[in-house]
Every structure is written in structure tokens, then in C-alpha cells.
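Reader: I am new to this one and would like to go through it with you. Could you put it up on the screen, please?

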Amino acid sequence: GTGHLSRELLNRGATKTVGVDISSDMIEAANVHPGKNRTEYYVVGDAAQLKLELLNTTNQTNLMPGAGFDMGVFDITVASFLFNCMSITEMNQCVGDIHSLLKPGGHFIFIVPHPSFNSGCGIESRKYFADRDRLSEQQINDELKTNTYCKTLQDYTDAAITSGFEIVQLEEV
């Protein structure tokens, strides 16, 4: 994205943030933001191959390659509206990478549209389970459309548990 969540984490006490987005326009916006400081790092990359992307961009993120990548480099990771843009296979790979990149005791927070109300999927299409992993176009507003993959709530929880996470809290808002 444009760095909003990174800046919020820094405002709440983080000492360094690393943002990854597949969109070069989003990364450019994050890098030129007037409030950006020297502890914010943003790189263009495909989160479906997160660990590889971070290993390939250590010169841009001030991350140290080597054993740290196997023992964890982050205290917390946040994925906002990422997994609805990935297939189930890509999501599983990404969640696995996130788990391996977290320090012991680290936290992972992710935000997705509720799967049963995702436009074109779930309850609206009356095929909540049959639509799994189907790509659907979603109208965000009058000007913006996006493609999302239909998933069930269990797809998200399975990805977390299979990757080694313990689900501490699940909120539906």
C-alpha cells in the first residue's frame, strides 16, 4: 500500500517497518510520502513469494540475510486486504513465509473482507463453498473495481493453523 499502516505502527512504537506491495505506484506513493522517515522501507514485490522477495531486496530494506531469516526477523506482521487478492495456494505460501519470518512470540494480524459478504462470492452468489478459489470482479465504488478470490472463513483459519500459527483472536466486524 501507500505506507499508512507502517506509519501507524511507527506512531505506536515500532522502530522499523518494511512494506511490500506488488504495485509500483503504491510503493512510489509510500516512498514519496512527506511524513516518511528513515526507518520506513518499501519495496515492490509479490507477497505470494514473500520470503524470496525480502531476501532479494535486503539492500533496500536494511534486513540482514542469513540465519536471521530462518530464526525470524519481524516482531509483528500485518496484511491488510492481501489474501482476498490471492488464490488459496498463494495465500498458504504467503502465510507460511510470514510464520517463518516472525520472531518467536511474534504476532500476525490480517484483515480481509468477510468471506460470506464478499461481492460476487458467498451468500450473495448462494454458492459459498462451491465458489472457493474462484476469481470474482468486485466493484469497490463508482470508479474502482478489483479482482478477488472467493474463500471461506475456514480457508483463512486453515492457512494460519497449517503454517504453525495459534489463533488467539478472531473478530468479525
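Reader: Let me begin with Asp75. Is Asp75 buried or exposed?

Author: In this predicted model, Asp75 has a relative accessibility of 51% and therefore counts as exposed, the cut-off being over 50%.

Reader: Which residue forms a salt bridge with Asp75?

Author: The partner is Lys103, and the closest N and O atoms of the two are 3.6 Å apart. Since Lys103 belongs to strand S4 and Asp75 to strand S3, the pair ties together parts that lie 28 residues apart in sequence.

Reader: And how accessible is Lys103?

Author: Lys103 has a relative accessibility of 35%, so Lys103 counts as partly exposed.

Reader: How many salt bridges does the structure hold?

Author: There are 4 salt bridges in the structure. Among them is the one between Arg12 and Glu8, whose side chains meet at 2.6 Å, N to O. Another joins the side chains of Asp131 and Arg134 at 3.3 Å, N to O.

Reader: Take the pair of Arg12 and Glu8. What are their relative accessibilities?

Author: Arg12 is exposed, at 68% relative accessible area, whereas Glu8 is partly exposed at 30%.

Reader: What about Asp131 and Arg134: where do they stand?

Author: Asp131 is buried, because its relative accessible area of 2% falls under the 20% limit. Arg134, with a relative accessibility of 33%, counts as partly exposed.

Reader: Back to strand S3, please. Which residues does S3 cover, and what does S3 share with S4?

Author: Strand S3 spans residues 74–80 and strand S4 spans 102–111, and each supplies at least two residues of a nonpolar patch. That surface patch is about 460 Å² and is made by Leu5, Ile76, Val78, Phe81, Ile109 and Ile111.

Reader: Where does Leu5 lie?

Author: Leu5 lies in helix H1, which runs over residues 4–11. With a relative accessibility of 36%, Leu5 is classed as partly exposed.

Reader: And Phe74, is that one buried or exposed?

Author: Phe74, which is placed in strand S3, is buried, with 15% relative accessible area. The C-alpha atom of Phe74 is separated by 9.8 Å from that of Phe108, although the two residues are 34 apart along the chain.

Reader: A change of topic: empty space. How would one look for it?

Author: One rolls a probe the size of a water molecule over the atoms, and this shows where empty space is left.

Reader: How many cavities does a search of the whole structure find?

Author: The search finds 1 cavity of 30 Å³ or more. The volume of the largest cavity is about 30 Å³.

Reader: Which residues line the largest cavity?

Author: The lining consists of Phe83, Met91, Val95, Phe108, Phe110, Tyr156, Ala159 and Ala160. Helix H6 (88–101), S4 and helix H8 (153–162) are the elements that give two or more residues to this lining.

Reader: Which element gives the largest share?

Author: H8 does, with 3 residues of the lining.

Reader: Then S4 has come up several times. What should I note about S4?

Author: Strand S4 supplies at least two residues of the nonpolar patch.

Notes:
Residues numbered from 1 in each chain as written. Predicted model: local features only at pLDDT ≥ 70, side-chain atom pairs only at ≥ 80, totals over all residues. Heavy atoms only, no water. Patch = residues over 30% accessible without salt bridge, like charges linked within 9 Å, V, L, I, M, F, W, Y side chains within 5 Å. Areas by Shrake-Rupley, 256 points an atom, 1.4 Å probe, with all protein chains shown as cover. Helix = DSSP H or I, 4+ residues; strand = E, 2+ residues; numbered from the N terminus. Buried < 20%, exposed > 50% of the residue type's maximum accessible area, 1.4 Å probe, protein only. 1 Å grid on protein atoms, 1.4 Å probe; cavity = no way out; pocket = protein on both sides within 12 Å on 5 of 7 lines; lining within 4 Å. Points joined across faces, edges and corners; volume = space filled by probe spheres on them.
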